[in-house]
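Please keep the sequence and the model in view while reading.

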Amino acid sequence: SKAKLFDEKTDTRTSFKDVAGLEGAKEEIEEIVEFLKNPDKYTSLGGKIPKGALLVGPPGTGKTLLAKAVAGEAKVPFFSLSGSDFVEMFVGVGASRVRDLFKQAKDKSPAIIFIDEIDAIGRARGKSNFTGSNDERENTLNQLLTEMDGFGTNTNVIVLAATNRADVLDKALMRAGRFDRQIYVDLPDIRERKEIFEVHLRPIKTSETLDVDFLAKQTPGFSGADIANVCNEAALIAARKEKKAVSKQDFLDAVDRIVGGLEKKNKIIT
Ligand code: ATP
């Protein structure tokens with residue numbers, strides 16, 4: 001079967017309201033929404049709109065969500081692909097996929113291109129990695145750099161890329177006119193976990209008024225994705241017991257289950 005390498009959606013459903021916490025990151029990225037909405041305002045004095053920004057942070061902290069929210073807020077199409085899609089590709093395929101992607105985005109500009117796991121293609125050149133052909137990865141990376149350099153100042157395509165390994169990226173990616181802005185997306189603190197719970201509790205039918213502060217306290221080290229998982233798991237646990245609504249205990253059981261899963265994952269790594 002043929003992998004779907006990128007999909008284009010005019011995603012007006014995701015907005016900043018869906019992104020809890022991350023105040024600093026939201027504030028920084030809000031500027032990009034402004035650029036996309038009013039490009040002429042910013043270029044009228046001879047300034048250049050940034051071409052790219054790198055979202056850096058641990059897995060599951062909302063990088064993809066934030067990129068989608070930018071597209072949603074600016075009401076522009078969202079084109080995405082994952083760096084890992086390029087692993088094990090035949091020679092020339094990766095570079096041509098990048099070319100296609102940029103062409104599509106330019107045709108529909110203003111637009112957002114989102115590249116998840118950019119480290120899979122953006123590792124420093126000349127260093128080996130464990131997956132796929134290094135030459136092919138380098139070709140893909142070079143094509144990406146070429147495309148970003150080739151943008152005119154009025155292309156109005158902004159490339160957002162996500163990674164949890166900014167340290168391994170080729171420095172050429174961070175040069176001026178490429179991903180010259182870095183936005184940090186950290187694990188949520190207790191107050192942010194509370195806000196994330198509030199977002200993900202919205203669709204859940206609960207049997208009592210839940211103490212969200214308590215849930216936030218029970219989940220140190222959890223990412224936004226883990227919290228979304230807890231809420232979903234709690235609803236499934238309650239449904240399995242034929243219950244009509246989800247109780248505090250169901251949430252605690254879900255937290256235990258997720259903690260168990262995280263511990264297992266950590267064991268495999270170490
Ligand atoms: P990865 O590095 O693993 O790709 P990511 O940082 O891109 O992760 P997302 O894919 O954006 O993380 O997050 C996964 C899901 O977790 C989101 O779709 C959302 O449901 C939930 N989530 C993560 N962070 C937040 C947040 N700050 N507010 C609300 N929900 C969040």
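Is aspartate 250 buried or exposed?

Aspartate 250 counts as buried, because its relative accessibility is 0%, where buried means under 20% relative accessible area, exposed over 50% and partly exposed in between, with a 1.4 Å probe and protein chains only. The residue is placed in helix H10, which spans residues 248-269; helices (H or I, at least four residues) and strands (E, at least two) are DSSP runs, numbered from the N terminus. The side chain of aspartate 250 makes a polar contact of 2.8 Å with the side chain of lysine 243. A polar contact is a pair of N or O atoms within 3.5 Å; within protein, one must be able to donate a hydrogen and the other to accept it, and residues adjacent in sequence count only if both atoms are side-chain atoms.

## Basis of the model

The model is predicted, and local features need pLDDT of at least 70, while side-chain atom pairs count only at pLDDT 80 or more and totals for chains, interfaces and linings use all residues. Residues are numbered from 1 along each chain as its sequence is written, and side-chain values use heavy atoms, with hydrogens and water left out.

## The ligand and its shell

The ligand is surrounded by 17 residues, and the closest are Ala20, Gly60, Lys63, Thr64 and His200; a residue is near a molecule if one of its heavy atoms lies within 4 Å of it. By class, this shell holds eight nonpolar, six polar and three charged residues, with Ala, Val, Leu, Ile, Met, Phe, Trp, Tyr, Cys and Pro counted as nonpolar, Asp, Glu, Lys and Arg as charged, and the others, Gly among them, as polar. Helix H3 (63-74), helix H7 (190-201) and helix H9 (224-240) each supply at least two residues of the shell.

## Backbone features in the loops

The peptide bond from serine 109 to proline 110 is cis, with omega near 0°, and proline 110 is placed in the loop between helix H4 (93-107) and strand E4 (111-116).

Leucine 22, although not a glycine, has a positive phi of about 50°; this residue is in the loop between strand E1 (7-9) and helix H1 (23-37), and with a relative accessible area of 10% it is buried. Glutamate 117, also a residue other than glycine, has a positive phi near 50° and is placed in the loop between E4 and helix H5 (119-122), where its relative accessible area of 38% makes it partly exposed.

Alanine 53 is in strand E2, residues 52-56, and counts as buried at 1% relative accessibility. Between alanine 53 and isoleucine 32 there are 9.0 Å from C-alpha to C-alpha, at a sequence distance of 21 residues.

Threonine 140 is in helix H6, residues 134-150, and is buried with a relative accessible area of 1%. Threonine 140 and aspartate 256 are 116 residues apart in sequence and 42 Å apart in space, C-alpha to C-alpha.
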